[in-house]
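Visitor: Could you walk me through this one? I'd like to ask things as they come up.
Guide: Gladly; here it is.

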Amino acid sequence: MAAAKKRRFLTWTLVRRLFIFFAILGVLGIAAIFLVIAALSRDLPTIERLAGYEPPITSRVHAGDGRLIAEFAGTGADGTPQYRVYVPFESIPDNVVNAFVAAEDKKFFEHGGLDYVGIVRGGINSVRNKITRSGGLQGGSTITQQVVKNMLLTRDQTIVRKIKEAVLSRRVERAFTKEEILELYLNEIYLGGRSYGIGSAALEYFNKSLTELNLSEAAILASLAKAPGTVNPYTRPERLLQRRNYVLGRMVEDGYITQEEADEAMAQPLTTTGRLRGAEYEAATYFVQELRQDLLDTYGEDALEDGGLSIRTTIDTNLQLAATTALRNGLVAYDRRHGYRGPLAQIDLEGDALQTLADFDMPAGHGDWEAALITAINGNGSAAIKLADDTSSTLFQEDVAWTQETYDRDGGGSGLLPGDVILVEVARSPADLSEEELLAIEAAEAPSPKRGSALAVVPPLTVPAGRANLRQLPQVEGALVAMDPHTGRVLAMAGGFSFYRSAFNRVTQARRQIGSSFKPFAYAAALEQGYTPTSKILDAPFVEFDVEADDFWSPGNYAEGRFYGLSTMRLGLEKSRNLMTVRLAQDIGMEVVSEFAERLKVYNHLDPYLAMSLGAGETRVIDVAQGYATFVNGGKQITPIMLDRIQDRHGRDMCVTDPHLRVEGGVVDPILVGDAACYAGHASEAEALSDSELAAEPIDLACPDCNDPVGWQGGEPPVLVDPRPQVLDPITAYQVVHMLEGVVERGTATRALRVGKPLAGKTGTTNDYKDALFMGFSPDLVVGIWVGFDTPRTLGEGEGGSVVAAPIFTEFMETALADAEALPFRAPPGVRMVRIDARTGELPGPATDVVILEAFRPGTEPGVAFQEDDQFDIFGTGGDIFGPRRSVADEGLPGIPGGETDPNATPASPEELGLGAPGAQPVPTGEAEEEPVADGLGDTW
């Protein structure tokens, strides 16, 4: 019995001792935990960072028509872009919120930042993972903990970090509402595809805003929250759908949706949409990159890529696509005229030819053209081809014949052979083909009637691919810019055949000679000096001795050896007569022409040499187009602009290019973005330029009565001040426009008549056909086009502005003006429109064949007596003004008494003029010229 008592005593003693031991150990453990937490809490980041958190946000670029065309995003540590669109909580649909809560933290609205059950479960799993070495630590992270981890701490899997995370999570829950925490979480979480936050992910995968998402798409976004790489919609769509269905099931369990709604969402397929991809986005690349460089220079990289700017540009996406298409078609058409240069490669048909074709490196800039393999040349002249996806198609006879006529193979033979890898453009579906094309495919697949053997039969199309057209990337390059002539807003910009082949923007970066497209500026300068459109200028051989070069300079007309004597200024411009232009420039002084071109900003500086009157000076296409815009808008100076407005992430104006728009601050100070003045309503990172650095003074836009509803009683609306400088008399500007209309109606650009709308313009061609240009316009659209090789070389005999560039202009304007009303060019007040003889420039008479309307300054029209400087009194001579100036009529050239000529007489020959140009063939003035195909500079210095 004593032994039993002893055993009981020992038992209670042991229990009591163990209890005391564990109690002390627990107290010490708790104390240690508190000490550790206290120690770690001293260097924890402050949660106040979350209150003022402004994450890096993608800057978005919109076209003038509102379409998103580009995004600028900063890069992460790995160098990849990080796209984020910040969405406030009140703009997030309930389905999206509920899907993420159900998938990631179903007790989010109940706990205080920590899910203790989840922590225990995570601790047990962590111990198991360490024992089995099958994984890392798990902690049952709540949404609050994820916010802390992603935005305040590192992602290290350590106990210390988990403790810090727990402490901060409790603090965050006390400082922020549940909605604020969710807003931070949903805008920060990475969801794959370089997308951070739900706003960016919705755009990336579905090209939709959050409010446009259906229930299935909301669940898909929530499915990407955990390890997005394992459920990638492009590489692992099945796993993503499984995860989506799981999320939908959780939403049903938590009462967010009904089972019927879940079943309907589960039945929907996974459909993703390629964003910012397609022809219209590729077409805008030159414009976007030009704008990006201007913005980088002004605001810096951080503001542009991480500042969340809303950038409203001037581009019209429809015009931009039309511009790129027209330019590419024009370059391809030129390239085709100069023959096939051969296949891209040769593949052995005996091996795995299709795999080799699939692995073939496509040349840069191929766009939607595809690589194809010639498998057979058919007896009827067509060719059988295979595409990389094992699609069969047919290359038609005309393409095969073209290669045989223009391509000689090394080692003998010509044209295409089986095994050749070529570029083709394919209609991918029979629905894309006309009935004639479908019949042509059937004919191409028929056996040759001559051979009739089975070898001549092309296998049937395994996949209906449609017609294939042979293509090759052109070596020639080009540029097209279209702008509003009244505001300078750039509506389209194509800087080359393909940005992906060459990022060099030939609209803004290339400086080339512009040939005869400069002539309107020389003629406008002469109009300022007293000439009229009917003034007579001598078309005859011209020789000048260049003292510096110690040599003679003798330009010629495009039609070598042809001279037409005295002709009207209008005729000289319409027919692009070089010799008339040179004499005109010599008469008024080349210094006057140079000053005029600089005033209109066609050149920054133009040396006063006569050759410059024929466009020998180098400048940019956009500068020439800007000069032509001055003619169209009545003599106003405009500056090409690519921006309408820039707003920061809070919606405040950083830049407004229209000075009439009211911005915050009233009086605004302009800054330069590119070449355009930008008016900022509040302080920005770009410093305002001084007045001396700007063409215009800062504009006071204050309007004290605008906010007073009583101040305006319904009278006439206020008249806005036009800030554009008047650099050219409106009548002079209209006279040039009216003459340039004649270039389209009767001159070197008659092919543009098929547009069927009022148009005007001027062709341009430089020496040896190295550059071909066309500068044209309608009343509200001015277009500049250049075609040539980057390293100057001839385009080929006859490949001038009217052959190469004018068709591009015509195709573009057919699209641009398709829905536009056929409005005439605007005539300024005071201009006199007089009917005249189109050939002589005088009032119509019995011998008149064609009568046209001509624009005159009051007092200079035919039939009006007037005096100039009290020197001459001229009546009815077509407005010839030979006042105190030295004129071509006073040069004393033989055979031109008094500078007059019988309009029906044969023009003086070189021998009669005493200038000895052998081979010159006199042509009657009344004879119609051969159809002009280009105009040349002749020999320049």
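**Charges, cover and surface**

Guide: Let me start with glutamate 741, which, leaving aside its neighbours within four places in sequence, is in contact with Leu759, Ala760 and Phe825. Please bear in mind throughout that this is a predicted model.

Visitor: Which helix is glutamate 741 in?

Guide: Glutamate 741 belongs to helix α24, which covers residues 730-745.

Visitor: What about aspartate 420, which partner does it have?

Guide: Aspartate 420 forms its salt bridge with arginine 409, and the closest N and O atoms are 2.9 Å apart. The two are eleven residues apart and the pair links distant parts of the chain, with aspartate 420 in strand β10 (residues 420-426) and arginine 409 in the loop between α17 (397-406) and β10.

Visitor: Is aspartate 420 buried or exposed?

Guide: Aspartate 420 counts as buried because its relative accessibility is 0%, and arginine 409, with a relative accessible area of 15%, is buried as well.

Visitor: And how far apart are the closest N and O atoms of arginine 341 and aspartate 335?

Guide: They are 2.6 Å apart in that salt bridge. Arginine 341 is partly exposed, with a relative accessible area of 36%, whereas aspartate 335 is buried at 6%.

Visitor: Changing topic: how many residues of helix α9 are buried?

Guide: Nine of the nine residues in α9 (residues 215-223) are buried, so the helix is described as mostly covered. Among them are Leu215, Glu217, Ile220 and Leu221.

Visitor: What covers the buried residues of α9?

Guide: The cover includes α3 (94-104), α8 (198-206), α10 (237-253) and α11. Lysine 226 and glutamate 104 are 122 residues apart in sequence, yet their C-alpha atoms are 8.2 Å apart in space.

Visitor: You mentioned α11; where is glutamate 264?

Guide: Glutamate 264 is in helix α11, which comprises residues 259-266. It is exposed, with a relative accessible area of 55%, and together with Glu260, Glu261 and Asp263 it gathers in a patch of negative charge on the surface.

Visitor: Which residues make the nonpolar surface patch?

Guide: Leu14, Leu18, Phe21, Phe22 and Leu25 make a nonpolar surface patch of about 510 Å². Phenylalanine 22 lies in helix α1, residues 2-41, and counts as exposed because its relative accessibility is 52%.

Visitor: Backbone next. Where is aspartate 768?

Guide: Aspartate 768 is in the loop between β24 (760-765) and β25 (771-778), and it has a positive phi of about 60 degrees although it is not a glycine. Tyrosine 769 is found in the loop between β24 and β25 too, and this residue, also not a glycine, has a positive phi of about 55 degrees. As for cover, aspartate 768 is exposed at 53% relative accessible area, while tyrosine 769 counts as buried at 12% relative accessibility.

Visitor: Last one: what does the whole chain look like in numbers?

Guide: The protein chain has 26 helices and 30 strands, and buried residues make up 51% of its 941 residues. Of the contacts with a separation of 6 or more, 70% are between residues 24 or more positions apart. The chain exposes about 43200 Å², and carbon and sulfur atoms supply 53% of that area.

Terms used. Residues are numbered from 1 along each chain as its sequence is written. This is a predicted model: local features need pLDDT of at least 70, side-chain atom pairs count only at pLDDT 80 or more; totals for chains, interfaces and linings use all residues. Side-chain values use heavy atoms; hydrogens and water are left out. Patches are made of residues with over 30% relative accessible area and no salt bridge: like charges are joined within 9 Å, nonpolar side chains (Val, Leu, Ile, Met, Phe, Trp, Tyr) within 5 Å. Accessible areas come from the Shrake-Rupley method with a 1.4 Å probe; for residues, only the protein chains shown count as cover. A salt bridge is a side-chain nitrogen of Lys or Arg within 4 Å of a carboxyl oxygen of Asp or Glu. Lys and Arg count as positive and Asp and Glu as negative; His and the chain ends are not counted. The place of a charge is taken as NZ of Lys, CZ of Arg, CG of Asp or CD of Glu. Helices (H or I, at least four residues) and strands (E, at least two) are DSSP runs, numbered from the N terminus. Buried means under 20% relative accessible area, exposed over 50%, partly exposed in between (1.4 Å probe, protein chains only). Contact means heavy atoms within 4.5 Å.
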